[in-house]
Every structure is written in C-alpha cells, then in structure tokens.
Amino acid sequence: MKHALPLTLAALACGFSLAMTPPAAANEACGSGEPATGEPIKIGAIVGQTGPADFSSASKSAAAFFDCVNANGGINGRPVEYLVEDDAWNPETAANAAAKLVNDEGVVAMAGSTSFIECGTNARFYADNGIGVIAGVGVPRECFFSSNIAPMNMGPRLSTLGAAIDAYENQGARSFVCMAPNIPNVGGWFCEGLAAWGADKGVETHNVLHDPATLDPTSLVLQAMAMGADAIIVAEPAPAAIPIFNAAEDQDLREEAIWLGPTSIYDTAFPAAVGDYWAGAIKAHIEFNTLDSDGVDNTAWLSIMDEYGNASDPRDSFSQGGYLAAKIITGVLRGIDGDITRQSVLEALQTMEAVDSDLLCGAWSFGPGDRHNANQAGRMVTMTADGWETSRDCFVSDDPELADIRS
Amino acid sequence: MPDLTPFLVTGLALGSVYALAGMGLVVLFRATGELNFALGAIGAASAMTAWQAHAWGTPIALAALCGVAAATAISAGYGAFVSARVARRSNVIKAVATLGLALALLGLMYFIWGDTPRRLRLPLSALNTELFGVRVTGVRVVALALCVMTAIGISLLLARTRLGLQMRALADGRDLSALIGIDVERVTLIAWTATGVLAGTIGILLGSLVRLEPGVLTFMVVPSIAAAILGQLRSLWLTLAGGLAIGVLEAIATPFQDVAPYRSLVPFIVAIAVLVLLPARTFQTTRGS
C-alpha cells in the first residue's frame, strides 16, 4: 500500500541500510556471476492492484529480486522474465489473467501473487495445469487449502489466533471478542480458528462479524464491549481498524479491554493514524520479522529494494513476503537439473528442502500435501507513539485445524 | 432483551448525518430535478481536503473550512457548467450525470490519496458527556443540532423568501418560470452551491464520526437516498425523520446476533418498502418543458 510517511521512513531505512552494508550484500542474496543472457524463464504473478486496496507490493519486491538475479548470474545463466497481472479484485479478470500467463505466456510457475480473490478463482486451474504457486501473501481460506498454492505468510487466521495466544499466556486474558469483516472464507474463517483453539483451552470466544462497508464503528465497539470479554481482537485491514480504535477512544475504552490485532494493522502509518491515546495499548501479531530487523534477509530485502526497486515501492510486510517468494523460487529453479518446465518446477517445489530465513520463525517448504500452511509461527509487536517495537519473539499459533499439516 | 439505549444514542448521530445528506438531496431535487448521486463524493472531497490542509499545518478549524470551500467549489462548478447543459434532459439522465461526477471524483481521490490509513479528528471529539452509558462526543451533538437547524432553515427559506419561491416555481415548471422572468440558471447555481456547503459539512462530520476514506464517504449517499425517498424527495421533515429512523434502526440491530451482520441492509429495506407502499405518482415533481 502506498503511504507518504512509510515511504519516507522506508527511504530513510534504506539509506541507512545502504550506508551500513556494503553494496555486495544485495547481490549475495540473489546470486553471483555475469548478467544473465539467453532464453528467459517466465514466472508469473497475479495481484489485486486496482480496487478496494492495492495488493501489488509483493510483486514489486519480487520484481526487484528477479532484476537482481538477472544481473547476478540469472538461473544458471538464463534470465527470469517476471510477468505481473492485475486482477482488479475481479474473479473474471483473475481467471483471464491466469489463462493468459499459463496458456499464452507459458510461465513455469507463479511467485509473489497476492490477491483477495485469485486463490479461490484459480486454485483448480493451477492444479489442472500443474502450475506451482508461491503466494507472497495469502489472505482468504482458499489460499491455504489448495494443492498447488503455498503462501509465504501464516495467514490472518493464524495471526489473529497468535494475538490471542499471547494475551492468554502473558496478560491473563480468558475471554475474547473477534471483530472481523463478514466476507465468506475471510472474517468468519479467521474467527473460527480462535473459537476452535478456545474450545480446547476452555476459553470463551465471541464474534462481531460485520458488513465491511458499515458506517457505524461505535455500535460495533459497544457490541464488543457488551460481551464483557478480557480482550478484543480487531482483525481488520488497517484502514478499517482505524475507525474502530477511534470509536473506542471516543468511549475511552483503552483500559477496559486488552486491544489486539493481526499483521494487517502492522503498518508504519498506523501509529500516527490512531494517535497517541493508543501508544503502548495496542499489540499486533506479525507474520514476518519486523520491517527494521537486522537479519541477513531483511537487510538484503531492503538493499535490493533500494538498488533494483522504485523509491515509491512500499517497504511493508507484503513486500517481505514477495522477496521471500522470489528468493525461494530462484533457489528451486537453480537446483533443477535438466529442462525447466512447469512439471519439473512443481516437482522440485514439492520435494524442496526447507529453507530458513530471519524473516520467518521456522523453516519453510512448499510441501507435497493437498494444502499448504508452512509458516505457523510469528512474533508480537507493541505500538508506540511513533512506531512498533518487538514485545515477543517467535511462537507457534496452535490452530487445531493444522493437525493434518503437522502430522 | 439487551439494553438498546446505548445503540439508540449512537444511531441518532449517524442518522442525523443521513438526514442532513437526505435534505441536501431533497433541496436540490426540488429546485432542479436533479438527484445528486455525487453528494457523498463531494463530501469525501471536503474531508480529504481538510485532512490534507491539516497535514500541511493548517489549524483544524481552518482546514475544515478549506474542505467545505473545496466541496462548494466543486458543487458550484458542476451547477454552472454541467447542470445547465443537462437541464432539459430527463431526470434519469440528470441523475446519471451526477453519478459520473461521483465516480470521477472517487477515482481522483484514490489517485491522490491512495488507501493509506488516516483519520480526521475534530477538537469537538474531545468534548463529551455521558448519556445512557455512552459517551456522546461534541461531533455527535453538533451533527444532531445541525440537522434540526438545517431543516428549519431550509423550510423557512422555501416558504418565506423570494429565492425559495423561485425554487418552488422552478420545481413546478422550468420553462414557465423562465417566462415569468425568473433567472433559472441563477437559481440552479444557488441550489448547487448550497448543496456543496451542505455536502462539505457532512463530509467533515462523517469523516470524523465514521471513517476518513474516499470510498466509504462516497457511498454514504446510499442511505441518504433512502432517507430522501422516505421524504418522497419533497418533504424535509419526513426526510429528517427518515434519516434518523434509518440510523437508529441500523444501530439498534447491533446487539441481535442473528441480524447484526446484515444491519447495513436497513436503508435498502426501508427504501424498497417505501417505493412499494407509496403510489408511484408521489415521485413526479419537475416538469421539464
């Protein structure tokens, strides 16, 4: 998403990281060697760029990463041609985009896709055509329940649950309200994860599911408070969470509950937008490491964005997901002996060795199963007056629905 | 039975904004035969401009005035340059023309401001009083007061002033009005300008009460149309009552788990019920020529 403030911060952060790390750091993450030549290997991505929100950030970081790969040896000498399509949040456009990339362009895999509707629309098509997809960020349930799609992130369901687990373990919360948009396979699915976990723990859970276009955040807040819960999880995109926190501020409810959110509120513009009233009082669960963390991958991500991306590209958690997706598919492609085809890529993905990264909490692999949710652990951050600080390192979101993947 | 009084209190504030917007629609429709689908978008432009001015360091009160001024300029500009050119077309075409303005403004606002989370906080939000267990902020009180004052003010304008008489004459017959010497274009422009002031004020209130986001503010015109339909696009007081009723109904549905997720349907259900139950001729007003 495009923000003036985060861009400034990101520009500062990038300037900083560039000053501190030698230019070679960017290149190390994407390879070594001469600029790639020859027949390109086509990789696709579908993102929801135009529409209710701009979800193209992951494809921008993936594009920067592939540019870096191409300048540093490519895929064993061959360049990557990265083709990004906008689905405009429209299922029909998403289906056309997939057909164009797979049938017309002949992409061998997809990497860095991020869309609200694409997984549901195209999961079957990818399975039928043997295309492997590493989504930069998956949001709805379908992104986590498809044989050929593996998202880099944990997903909002596990992130919502992670926020609850932290409040349960560290703040003594024993009852929760899950506030989420009433969209099929989105809000209800997030909150059911909390309910399933709560049933195991003997924890009371309630839902406030609402029309995403509702004009009345105060009623939602009053409804949540009337449930008398210890903690309220605002499982909304950041722009929709702001009015809820505003309404709670109007009612002076900061001390009346523990206020939590999933990764979606971990936005650098968020602290200024909700205001000082909430400093120290909002905690968020994050699916990747903090945007200013100093690990190898986070540092490389920022310097690659600086060297190969545009100054206007967001430096947000979606961008981290796109970087990882591109990095992992690059590693997989480089490891393929023989022809690079959609079949050989899918097979290599399904049998890949798990990859570690400081952006993740555990090793990530595509996996051979019918569904994929490799990223299951995250961190907690607490909002300060002008940013976020880490309040808890890696812990697992123990969703009973993951039993099949864990076994 | 859950305690509904807190929801009644919150619903009244939202209802007053619906009612204000509804009255804005009615006034314009009565004067020019135009159903202004762009009222929400013009309000959104006001709120976004106010936010921008404030972000650039303008004091909030002055920033709010900048917002209202921008909205008034857009609305008056439309009244002067577009409205006059579609004056002789059917009401449907006039309405669709305003829809064009709404979508153009919405696109422009997304282009300029994107989807960054932000908020517009008026100092009035900090003033509050407790009522039935709910804190009522200054913005809510102002919204309700403004709503009643607008209804009284516009009623007096239409009933007691020369301009009001001309507006009513225009609504009854545009060509006849011109024949008897009414400056039709001037009256149209005044109606659009007044709507702009109203839309701008509503945008600021709603941006602070609800959410500072161009799309959300643009589509608030929908419940307002429902309120205006309740007033049969003619009666200010019925529109006022309709707006308040929609706001309150929407809010008091909140504690009922089974219907709560669907409560934003209230304006549509109200509008459909009114259209089905009232005779069709109720809505005929302006005779073009």
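Predicted model: local features only at pLDDT ≥ 70, side-chain atom pairs only at ≥ 80, totals over all residues.
Residues are numbered from 1 along each chain as its sequence is written, and chains are lettered from A and ligands numbered from 1 in the order in which they are written.

Colleague: What distance separates the centres of domain 1 of chain A and domain 2 of chain A?

Modeller: With bounds from an automatic or database domain assignment, domain 1 of chain A covers 4-155 + 291-375 and domain 2 covers 156-286 + 379-406. Taken over C-alpha atoms, the centres of these two domains of chain A lie apart by 28 Å.

Colleague: Which helix of chain A gives the largest share of the side of domain 1 that touches domain 2?

Modeller: Counting two residues as in contact if their C-beta atoms, placed from the backbone, lie within 7 Å, the contact draws 17 residues from domain 1 of chain A and 19 residues from domain 2 of chain A. Helices (H or I, at least four residues) and strands (E, at least two) are DSSP runs, numbered from the N terminus. On the domain 1 side, three residues, the largest share, come from helix α1 (residues 4-20) of chain A.

Colleague: How many residues does chain B bring to the contact with chain A?

Modeller: On the side of chain A that touches chain B, β7 (204-210), α8 (217-226), α9 (238-250) and α10 (270-274) of chain A each supply at least two residues. Chain A gives 33 residues to this contact, and the number from chain B is 30.

Colleague: Which strands of chain A stand at the edges of the sheet, each with a single partner strand?

Modeller: Two strands pair if DSSP finds at least two bridges between them, and on that basis five strands of chain A form an open sheet with parallel pairing, in the order β2-β1-β3-β4-β5. One side of each edge strand is left without a neighbour in the sheet, because each has a single partner strand; these strands of chain A are β2 (80-86) and β5 (149-151).

Colleague: Which residue takes a positive phi in the hairpin of β1(B) and β2(B)?

Modeller: Strand β1 (residues 128-131) and strand β2 (residues 134-137) of chain B pair in the antiparallel sense over four bridges, with T129(B) opposite V136(B) in β2(B). The hairpin has two residues between the strands, and the residue with a positive phi, near 50°, is F132(B).
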